[in-house]
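Good morning, and thank you for coming.

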Amino acid sequence: MKPDIMNNYQQKWISTLKNAHLNGWEIKPQGDDIFVEMPHVTDLKLIRDNLPETLALMALDINLPKERLKFIFHNGYEQFEYLLNPAAADLEQED
């Protein structure tokens, strides 16, 4: 298995998230995505509801060209994905 090679944008986001000192959260690359493992007691609905505003504030510290980036949030029981800077192909997909 080859090691994950992160792009600069992905690497900067991982660094930014880790610097937030989220107790019990494991943040790591997963291919071109970012996988976030949260404690089992984490309320995913609360995270999902506040995520766009939270990431928008965190993005203010990132001075790199924007790239497509998928965040995968998991709390041991369930997970959800959030796509930042979707590509045209993402926007054309139907659910």
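I shall describe the pocket, then a helix pair, then the salt bridges. Please keep in mind that this is a predicted model.

Let us start with the largest pocket. Its volume is about 160 Å³. Which residues line the largest pocket? They are L17, A20, L22, W25, L46, I47, N50, L51, T54, L55, M58 and F73. By class, this lining comprises ten nonpolar residues and two polar ones, with no charged residue. The most is contributed by helix α2, residues 44–59, which supplies seven residues to the lining.

Helix α2 also takes part in a packing arrangement. Two packed helices are described by the angle between their axes and the distance between the axes. Here, helix α1, residues 8–19, packs with α2 at an angle of about 105°, and their axes lie 11 Å apart. An angle from 65 to 115 degrees counts as roughly perpendicular, so α1 and α2 are roughly perpendicular to each other. On the α1 side, the contact is made by W13, T16 and L17, and on the α2 side by L55, M58 and A59. Five of these contact residues are nonpolar, one is polar and none is charged.

Finally, the charged side chains. Side chains of opposite charge can pair when their charged atoms come close. How many salt bridges does the model contain? The count comes to four. Because D49 and K45 are four residues apart in helix α2, about one helical turn separates them.

Note on methods: Residues are numbered from 1 along each chain as its sequence is written. This is a predicted model: local features need pLDDT of at least 70, side-chain atom pairs count only at pLDDT 80 or more; totals for chains, interfaces and linings use all residues. Side-chain values use heavy atoms; hydrogens and water are left out. On a 1 Å grid over the protein atoms alone, a cavity is a set of points where a 1.4 Å probe fits but cannot get out, and a pocket is an open set with protein on both sides within 12 Å along at least five of seven lines; lining residues have an atom within 4 Å of a point. Grid points are joined across faces, edges and corners, and a volume is the space filled by probe spheres set on the points. Helices (H or I, at least four residues) and strands (E, at least two) are DSSP runs, numbered from the N terminus. Ala, Val, Leu, Ile, Met, Phe, Trp, Tyr, Cys and Pro count as nonpolar, Asp, Glu, Lys and Arg as charged, and the others, Gly among them, as polar. Axes are lines fitted to C-alpha atoms, for helices over the stretch in contact, and angles run from 0 to 180 degrees between N-to-C directions. Angles under 35 degrees count as roughly parallel, over 145 as roughly antiparallel, 65 to 115 as roughly perpendicular and the rest as oblique. Contact means heavy atoms within 4.5 Å. A salt bridge is a side-chain nitrogen of Lys or Arg within 4 Å of a carboxyl oxygen of Asp or Glu.
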